[in-house]
Amino acid sequence: MRRFYIAITAAVLLFASAGELAYAQCSKNWSRKCITKVSPFTHNGQMNTVQMREGQKTEAVLTFNSGQDYRILVCAEETLENVSFVVYDMKGRIVFDSKTKNNTDVWDFKVKTTTQLKVVVDGGRNENSKGNATGCVSILVGFKSS
């Protein structure tokens, strides 16, 4: 039983340090640069930032409160090309796909009832790289009361 607890503790510490390492590779200046793009909405204060390699996917489940207008912004470094995102409801239905909107990096919408949505970001493919392009990607949420 003791080995089980040691293994679980080691796995948790490894997972936590891996997440911190990925976050540490993206500077705070990067985060600030992205926050300014949320305007005229108010940033909700949460940073979902990760270092990605082209072709990778990452996701975040976010909660949106009823009666507010929201902006989801996917901010990606220029080293990653063709970054796109899809927003799903919790039943897996697509509610927004940036590829159908000229690969926009924002989606503005209003929520009638409090809901959770899953944002899946695709790191895209660079035309002239060999699959080794990396860069920081942030998923940001802005809101304003209506």
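Cys 136 is in contact with Gln 25, Cys 26, Trp 30, Val 50, Gln 51, Cys 75, Ala 76 and Glu 77, its neighbours within four places in sequence being left aside; contact means heavy atoms within 4.5 Å. The structure is a predicted model, in which local features need pLDDT of at least 70 and side-chain atom pairs count only at pLDDT 80 or more, whereas totals for chains, interfaces and linings use all residues. Residues are numbered from 1 along each chain as its sequence is written, and side-chain values use heavy atoms, with hydrogens and water left out.

### Exercise 1. The chain as a whole

Determine how many helices and strands the protein chain has, and in which order the elements run.

*Solution.* Step one is the count: the protein chain has two helices and nine strands. Helices (H or I, at least four residues) and strands (E, at least two) are DSSP runs, numbered from the N terminus. Step two is the order, which from the N terminus on is α-α-β-β-β-β-β-β-β-β-β. Step three concerns burial: 34% of the 146 residues count as buried, where buried means under 20% relative accessible area, exposed over 50% and partly exposed in between (1.4 Å probe, protein chains only). Step four concerns sequence separation: of the contacts between residues at least 6 apart in sequence, 82% join residues at least 24 apart.

### Exercise 2. The surroundings of Cys 136

State where Cys 136 lies, whether it is buried or exposed, and what separates its C-alpha atom from that of Cys 26.

*Solution.* Cys 136 belongs to strand 9 (residues 134–145). Its relative accessible area is 3%, so Cys 136 is buried. Cys 26 lies 110 residues away along the chain, while the two C-alpha atoms are 5.9 Å apart. Cys 26 is also one of the residues in contact with Cys 136, as is Cys 75.

### Exercise 3. Strand 4 and its partner

Explain why strand 4 is described as largely enclosed, and identify how it is joined to strand 7.

*Solution.* Strand 4 covers residues 68–76, and seven of its nine residues are buried, so the strand is largely enclosed by the rest of the structure. Strand 4 and strand 7 (residues 106–110) run antiparallel and are joined by five bridges; two strands pair if DSSP finds at least two bridges between them. Within this pairing, Leu 73 stands opposite Val 106.

### Exercise 4. Salt bridges

Find how many salt bridges there are, and describe the accessibility of each partner.

*Solution.* A salt bridge is a side-chain nitrogen of Lys or Arg within 4 Å of a carboxyl oxygen of Asp or Glu. By this rule there are two. One joins Arg 71 to Asp 108, with 2.7 Å between the closest N and O atoms. This pair links distant parts of the chain, Arg 71 in strand 4 and Asp 108 in strand 7 being 37 residues apart. Arg 71 counts as buried because its relative accessibility is 13%, whereas Asp 108, with a relative accessible area of 39%, is partly exposed. The other joins Arg 93 to Asp 89, the closest N and O atoms again lying 2.7 Å apart. Here Arg 93 counts as partly exposed at 49% relative accessibility, and Asp 89 is buried at 12%.

### Exercise 5. Asp 122

*Solution.* Asp 122 is found in strand 8 (residues 115–122). A polar atom of the Asp 122 side chain lies 2.9 Å from the backbone nitrogen of Gly 124. Beyond four places in sequence, the residues in contact with Asp 122 are Met 52, Gly 55, Gln 56, Lys 57, Asn 82, Val 83 and Ser 84.

Definitions and conventions
Polar contact = N/O pair within 3.5 Å; in protein donor to acceptor, adjacent residues only side chain to side chain.
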